[in-house]
Amino acid sequence: MPLLSTFGAASVKGFGGGLGPTVIDPVFGSVLADKTISNQTNSGLNVVATNDNTKFLATWYNSSTYYYRGCVITIAANGDISFGSVSNLTYNRYKSDARNAGLIWDSASGAAIMMSYTNYGDVKPTRVTYSGTSISVATSGSTMYDSSNNNSHPQPISSAPNIIYNSDDNVYFNLAILYNQLRVMPFTVSGSNFSYGTQRGTSITAKYGNAETVWVGGSLDKLISASTGYSSGSGQYWNTYGISGYSGGTDGTWTNHTAGSNYNGTGTSNTRPAVLYHPENNQVFLISRHSSGTRPMNVQIGTPTSTGISSFGSLFYMNESDPTSTPSSQYSAYYGGYYDPIAKAIIILVYTSQYGTKLMQIVTSGNDVSEIIEIGSMGNASPLGEGGSQGANGYGYSASLVYDSVHDRQLLFYSKVYDPTTFVNYKLEVRSVTGRIG
């Protein structure tokens with residue numbers, strides 16, 4: 001990736017003529033292109049690069065038409081960006097909780113892979129391809145399993161994409177919840193064909209449709225998930241994290257290390273769980289929001305190991321002026337996030353005011369937060385990837401951040417509501433965005 005070498009080589013002369021590291025300010029460009037996609041509710045946006053470095057695919061869910069929809073994005077030689085016409089892809093009337101079907105580009109088969117929830121809840125993987133500026137469904141697999149009965153059948157995750165790719169074993173994981181437990185159905189892709197493994201439980205606690213999950217590969221080979229628990233006796237919510245290790249191969253088994261450990265503060269009155277992974281530092285960012293008072297958004301960082309998470313840092317807040325203190329505003333909610341491979345940092349979209357969001361970068365010192373940097377204001381942007389903890393790239397983040405290799409820039413795609421009081425006039429927008437380096 002040229003940007004890595006370009007920025008990595010940046011330096012400044014210090015006293016005595018020596019070279020020393022410099023800080024490169026964040027890049028937050030103006031809107032490069034936009035497209036009105038409908039006057040109805042849209043969520044779960046994913047954008048992926050294809051084998052053609054001038055073409056990207058975008059998909060999202062429209063809850064008014066009950067369709068997953070999509071379009072082709074083209075980047076011209078001069079850098080101009082254009083959106084193709086919007087097409088309906090697959091129909092999902094009965095499992096609208098699965099509002100983020102995920103989207104992962106499969107280079108070998110020349111198509112993007114997403115999940116479909118058809119008929120009354122038939123779950124199946126689907127290949128999405130394109131021709132010129134038109135996007136369409138190429139093939140779908142047979143039904144993996146039936147999700148029609150909410151009480152006895154696996155249910156989709158409502159807070160994040162329902163698919164992860166394990167590049168170590170070249171296998172996809174469909175994620176689901178059954179009896180308050182995260183379950184995984186592995187499958188592989190060969191050309192236009194799908195092969196299924198065995199759906200197995202991970203023993204990770206997953207309640208209320210929450211199971212934002214990241215894949216940590218390499219020597220760890222683990223799923224790390226964040227969810228919500230509830231005590232009917234105390235009436236308190238709390239956030240938990242769970243970790244389960246994968247044995248490997250295309251139909252492996254799971255070994256649970258942590259089913260549901262409380263995190264963030266006292267472990268009670270917390271909601272909106274999320275998890276992000278920093279591969280450069282091998283750090284897990286656990287995120288939640290307190291459900292009372294000013295309802296601050298909390299961040300706690302730990303180090304994943306072969307048996308769990310260790311070396312947790314202190315509890316911090318998404319407060320630019322002082323991460324160690326509770327912000328005064330009641331608006332502080334997680335709206336998705338990602339790992340920025342150029343800045344080597346975790347970036348989070350934070351809901352900061354009524355109809356207002358900001359991109360913020362978390363600067364760390366070990367497993368503690370040393371600084372919160374505002375990258376730019378995003379207006380009334382929708383959540384990145386509707387939770388966005390896992391989706392298309394190698395570490396499982398929201399696929400809305402992509403790299404334009406022709407023009408050596410990082411592009412952030414997102415949806416935005418331009419009439420928030422009536423929630424109409426949704427647009428897709430794109431900017432060039434990179435966090436602070438150094």
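**Set-up.** I am working with a predicted model, where local features need pLDDT of at least 70, side-chain atom pairs count only at pLDDT 80 or more, and totals for chains, interfaces and linings use all residues. Residues are numbered from 1 along each chain as its sequence is written, and side-chain values use heavy atoms, with hydrogens and water left out.

**Salt bridges.** I took a salt bridge as a side-chain nitrogen of Lys or Arg within 4 Å of a carboxyl oxygen of Asp or Glu. I found five by this rule.

I looked up Lys358 next. Its side chain meets that of Glu320 in a salt bridge, at 3.8 Å from N to O. Lys358 lies in strand S31 (residues 356-365) and Glu320 in the loop between strands S28 (316-317) and S29 (333-340), so this pair ties together parts that are 38 residues apart in sequence. Strands here are DSSP runs of E, at least two residues long, numbered from the N terminus.

Lys358 also forms a salt bridge with Glu374, and the closest N and O atoms are 3.3 Å apart. Glu374 sits in strand S32 (residues 368-379), 16 residues away from Lys358. I noted Glu320, Lys358 and Glu374 as a network of salt bridges.

I then checked accessibility. Buried is under 20% relative accessible area, exposed is over 50%, and partly exposed is in between (1.4 Å probe, protein chains only). Lys358 is partly exposed at 22%. Glu320 is partly exposed at 33%. Glu374 is partly exposed, also with 33%.

Asp404 and Arg409 gave another salt bridge, 2.7 Å from N to O. Both residues are buried.

**Lys427.** Lys427 belongs to strand S35 (residues 424-434). I listed its contacts (heavy atoms within 4.5 Å). Beyond four places in sequence, they include Asp34, Thr36, Tyr414 and Tyr418.

**The sheet.** I went back to S31 and S32. They run antiparallel and are joined by nine bridges; two strands pair if DSSP finds at least two bridges between them. Thr364 stands opposite Val369 of S32. The open sheet has four strands in the order S29-S30-S31-S32, with antiparallel pairing. S29 and S32 are the edge strands, each pairing on one side only. Neighbouring strands of this sheet are turned by 25° against each other on average, direction ignored.

Methods. Axes fitted to C-alpha atoms, helices over the stretch in contact; angles between N-to-C directions.
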